[in-house]
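Hi everyone, thanks for making time.

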Amino acid sequence: MYAIVDIAGQQFKVAKDQYLFVHRLQGDEGASIEFDKVLLAENEGNFKLGADLGGAKVSAKILSHVKGDKVLIFKKKRRKGYKKKNGHRQQFTKIEITGITL
C-alpha cells in the first residue's frame with residue numbers, strides 16, 4: 001500500500017514505516033502530524049484518486065529537525081574585480097510515516 005501526498009507544497013510517494021526529509025514543518029520532535037492532501041492511493045492493485053479519497057489521511061511522526069548540505073553561491077564579473085561569495089543551508093524535518101488511512 002502506498003499513497004501520493006502533498007507535504008509542504010511538494011508531492012511524495014509514501015509507504016508505511018518510510019523515512020522522509022521534507023521542508024521544515026512546525027512541531028516538536030516526537031509530535032504526531034497528519035496530512036490530509038492525499039492525491040492518489042493504491043491498495044492491493046486498486047487505485048483511488050480525487051473524489052474517491054474523501055477522508056484519506058497519512059499520519060507521520062516528527063523525528064528531528066536537521067539542516068541540509070551547504071550550497072555555495074559564487075558570483076564573479078571578469079576583469080572588474082567583482083567577486084561575491086554566499087552560502088545557504090536548507091532546513092529540513094525528518095519524518096517517519098506511521099500509517100495510511102483510506
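This is a predicted model: local features need pLDDT of at least 70, side-chain atom pairs count only at pLDDT 80 or more; totals for chains, interfaces and linings use all residues.

Residues are numbered from 1 along each chain as its sequence is written, and side-chain values use heavy atoms, with hydrogens and water left out.

So, what is the protein built from? It has zero helices and eight strands; here helices (H or I, at least four residues) and strands (E, at least two) are DSSP runs, numbered from the N terminus. The radius of gyration is 19 Å, well over the 13 Å that the globule rule gives for 102 residues, so the protein is more spread out than a compact globule. That radius is taken over C-alpha atoms, and the rule is 2.2 Å times the number of residues to the power 0.38. Along its principal axes, the C-alpha trace spans about 65 × 30 × 20 Å.

Now, how much of it is buried? Of the 102 residues, 27% count as buried, meaning under 20% relative accessible area, while exposed is over 50% and partly exposed is in between (1.4 Å probe, protein chains only).

On to the core. The largest nonpolar core has 20 residues, and those with the most contacts inside it are I7, V14, L20, F35, V58 and I95. By such a core I mean a set of buried Ala, Val, Leu, Ile, Met, Phe, Trp, Tyr and Cys residues joined through side-chain atoms within 4.5 Å. Elements giving two or more residues to this core include β1 (2-7), β7 (57-77) and β8 (82-101).

Let's look at L25, in the loop between β3 and β4. Is L25 buried or exposed? L25 is buried, with a relative accessible area of 14%. Leaving aside neighbours within four places in sequence, L25 is in contact (heavy atoms within 4.5 Å) with I7, A8, I33, F35, H65, T93 and I95. H65 is 40 residues from L25 in sequence, yet their C-alpha atoms are 8.5 Å apart in space.

A8 sits in the loop between β1 and β2 and is partly exposed at 47% relative accessibility. Its phi is near 55 degrees, a positive value in a residue other than glycine. Most residues other than glycine have a negative phi.

E44 also has a phi near 55 degrees. E44 is in the loop between β5 and β6 (46-49), and is exposed at 73% relative accessible area.
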